[in-house]
Amino acid sequence: MFKFQNKPIVLYLCFKPLGMSFLLEFIKSYKKFESGLDHNLVICFKLFNNNKEINEWKKNIDIDFEQYVDLNKLNDYDIGSYFRIAEKYDKSHILFLNTYTRINANNWLRIYANHFEKNTV
């Protein structure tokens, strides 16, 4: 299996305009299936108006994660956030997951890492 220099990051983009239900469904699937690989979960909060809104949403997240708040007020789509996050975590491998992502199998991150090693991703 591929050996990462640093623990890989799984980045979930939480896009406020789509509503909280997407975040809740992602969390449900994340908890249901084992990743198969040690990692850090980062949740990016995009297009939130203030920390109070973020804190209200965070009350529904009952797993360990690191918070990243995208302060950009223009909707430059997911890719804009991904570029800013990549700059911050420039020493890590990052698996970017968009707001619609649902995990549907055990060992999902291990499978991805194995394909990364084989250059088949």
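Helices (H or I, at least four residues) and strands (E, at least two) are DSSP runs, numbered from the N terminus. The model shown is predicted: local features need pLDDT of at least 70, side-chain atom pairs count only at pLDDT 80 or more, and totals for chains, interfaces and linings use all residues. Residues are numbered from 1 along each chain as its sequence is written, and side-chain values use heavy atoms, with hydrogens and water left out.

**Figure 1. Overall fold of the protein.** Read along the sequence, the elements follow the pattern β-α-β-α-β-α-β-α, with four helices and four strands in the protein. The C-alpha trace spans about 40 × 30 × 20 Å along its principal axes. The radius of gyration, taken over C-alpha atoms, is compared with a globule rule of 2.2 Å times the number of residues to the power 0.38. For 121 residues a compact globule would have a value near 14 Å, and the protein agrees with its 14 Å. Accessible areas come from the Shrake-Rupley method with a 1.4 Å probe; for residues, only the protein chains shown count as cover. The accessible surface comes to about 7,400 Å², of which 51% belongs to carbon and sulfur atoms. Buried denotes under 20% relative accessible area and exposed over 50%, with partly exposed in between (1.4 Å probe, protein chains only). By this criterion, 40% of the 121 residues count as buried. A contact requires heavy atoms within 4.5 Å. Among contacts between residues at least 6 apart in sequence, 76% join residues at least 24 apart.

**Figure 2. Buried residues of helix α3.** Helix α3 comprises residues 77-88, and G80, S81, Y82 and I85 are buried in it. The cover over the buried residues of α3 includes the strands β1 (9-15), β2 (40-46), β3 (66-70) and β4 (94-97).

Figure 3. A salt bridge is a side-chain nitrogen of Lys or Arg within 4 Å of a carboxyl oxygen of Asp or Glu. The whole structure contains nine salt bridges. In one of them, the side chains of K7 and D38 meet at 3.5 Å, N to O. K7 lies in the segment before β1 and D38 in the loop between α1 (20-32) and β2, so this pair ties together parts that are 31 residues apart in sequence. K7 counts as partly exposed at 37% relative accessibility, whereas D38 is exposed, with a relative accessible area of 55%. K31 forms a salt bridge with D62, and the closest N and O atoms are 2.7 Å apart. Here K31 belongs to helix α1 and D62 to the loop between α2 (51-58) and β3, so the pair ties together parts that are 31 residues apart in sequence. K31 is partly exposed at 45% relative accessibility, and D62 is exposed at 52%.

Figure 4. The side chains of D70 and K46 meet in a salt bridge of 3.7 Å, N to O. D70 in strand β3 and K46 in strand β2 are 24 residues apart, and the pair links distant parts of the chain. D70 is buried, with a relative accessible area of 3%, and K46 is buried, with 0%. Salt bridges that share partners join K46, D70, D76 and R84 into one network.

**Figure 5. Aromatic pairs.** Rings of Phe, Tyr and Trp (its six-membered ring) pair if their centres lie within 6.5 Å; planes under 30 degrees apart count as stacked, over 60 as edge-to-face and the rest as tilted. The structure holds eight aromatic pairs. One of them, F45 with F48, is edge-to-face, at 5.4 Å centre to centre and 80 degrees between the planes. Both F45 and F48 are buried. Ring pairs also link Y12, F26, Y30 and W108 into a cluster.

**Figure 6. Surroundings of T101.** T101 is placed in the loop between β4 and α4 (108-117). T101 counts as buried at 16% relative accessibility. A polar atom of the T101 side chain lies 3.0 Å from the backbone oxygen of N98; a polar contact is a pair of N or O atoms within 3.5 Å, where, within protein, one must be able to donate a hydrogen and the other to accept it, and residues adjacent in sequence count only if both atoms are side-chain atoms. Not counting residues up to four places away in sequence, T101 touches Y12 and F26.

**Figure 7. L109 in helix α4.** L109 is found in helix α4 and is buried, with a relative accessible area of 3%. L109 and S35 are 74 residues apart in sequence, yet their C-alpha atoms are 5.0 Å apart in space. Leaving aside neighbours within four places in sequence, L109 is in contact with V10, S35, L37, H39 and L95.
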